[in-house]
Amino acid sequence: MNRWIKTPKGYVIISMVAFLFIAAIWSQDIKGIVNGLIAVGVCSAIDILCSRIAKKKRALPDGAVITGLIIALILSTAASWYIVAATSLMAILSKYLLVQNKKPIFNPAAFGLLLSILFFRTGQSWWGAFGDLPAWSVVFLLIGGYMVTNRVNKFPQVFSFLGTYFILLFVMGILNIGDAADALRPPFINASLFFALFMLTDPPTSPAKDKDQVIFGILSAVVGAVVYGCFGGLMYLFIGLLVGNLYQFLKPRSDKQQKR
């Protein structure tokens, strides 16, 4: 148990469970915890089922638990139980259907949440990022995020993303492009920090080398900022990450072609 707690997944799960309870208690809304139980339950059940079908070795579905927690912390607490379940189902299925070298191509949570917007027009409040709480509560987010980012060695990725993202939005805000200025205020800034620290840093779907991390972070930030500036809405961060995932998927192929 002590070993598991010190793993990257252990850090993430502990941080997110803490966020879940802090946000739920502060807002006096137990619906978020209920959605968390539904999302984690569905994600874990589907992950175990798919793992058995694929004849993989038995392992704790901790990755599925993380996906479920992310979904619960981002979806509005007013989301119906079946939407939470459907979003969780789509997220885990992407993990097994869209793969490269037995690793998911796309971040499962981002993929499921994007599809939930497209199919169900879900409300995504990012309530677990403390956007509705006092400004000082972001300290909890930064502490948990620092521990996770340090554990998975993703600081180049996080800093390149946040630096590029905020500079672009600042410039776009000065130029009055779309609603870019709004993205520099709560709850959008809370969402950006949560996204960068807990979703962008997902080891299976992001690069390990520092140079590749910087490119990945910049690409995700540019795409996300441009999508937000042009279209607004709630999809911009997910689209930026999934484009980064796609780049990471195509990069090995391009590298091999260049070597030839």
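**Briefing: fold, overall dimensions and helix α8**

From the N terminus on, the elements of the protein follow the order α-α-α-α-α-β-β-α-α-α-α-α-α. That makes eleven helices and two strands. The model is predicted.

**Overall dimensions**
- The radius of gyration is 18 Å, which agrees with the value near 18 Å that a compact globule of 260 residues would have.
- Along the principal axes, the C-alpha atoms fill a box of roughly 60 × 55 × 40 Å.

**Packing and surface**
- Of the 260 residues in the protein, 51% are buried.
- Among contacts between residues at least 6 apart in sequence, 79% join residues at least 24 apart.
- The accessible surface comes to about 13,200 Å², and carbon and sulfur atoms account for 67% of that area.

**Charge**
- The protein carries 23 positive and 10 negative side chains.
- The centres of these two sets lie 14 Å apart.

**Helix α8**
- Helix α8 covers residues 155-174, which is 20 residues.
- The buried residues of α8 are Q157, V158, S160, F161, L162, T164, Y165, L169, M172 and G173.
- An α-helix has 3.6 residues a turn, so residues three or four places apart point the same way.
- Just after α8, N176 adopts a positive phi of about 55 degrees.

How values were computed: Residues numbered from 1 in each chain as written. Predicted model: local features only at pLDDT ≥ 70, side-chain atom pairs only at ≥ 80, totals over all residues. Heavy atoms only, no water. Helix = DSSP H or I, 4+ residues; strand = E, 2+ residues; numbered from the N terminus. Expected span 1.5 Å × (residues − 1). Buried < 20%, exposed > 50% of the residue type's maximum accessible area, 1.4 Å probe, protein only. Rg over C-alpha atoms; globule rule 2.2 N^0.38 Å. Contact = heavy atoms within 4.5 Å. Areas by Shrake-Rupley, 256 points an atom, 1.4 Å probe, with all protein chains shown as cover. Lys, Arg positive; Asp, Glu negative; His and termini not counted. Charge placed at Lys NZ, Arg CZ, Asp CG, Glu CD.
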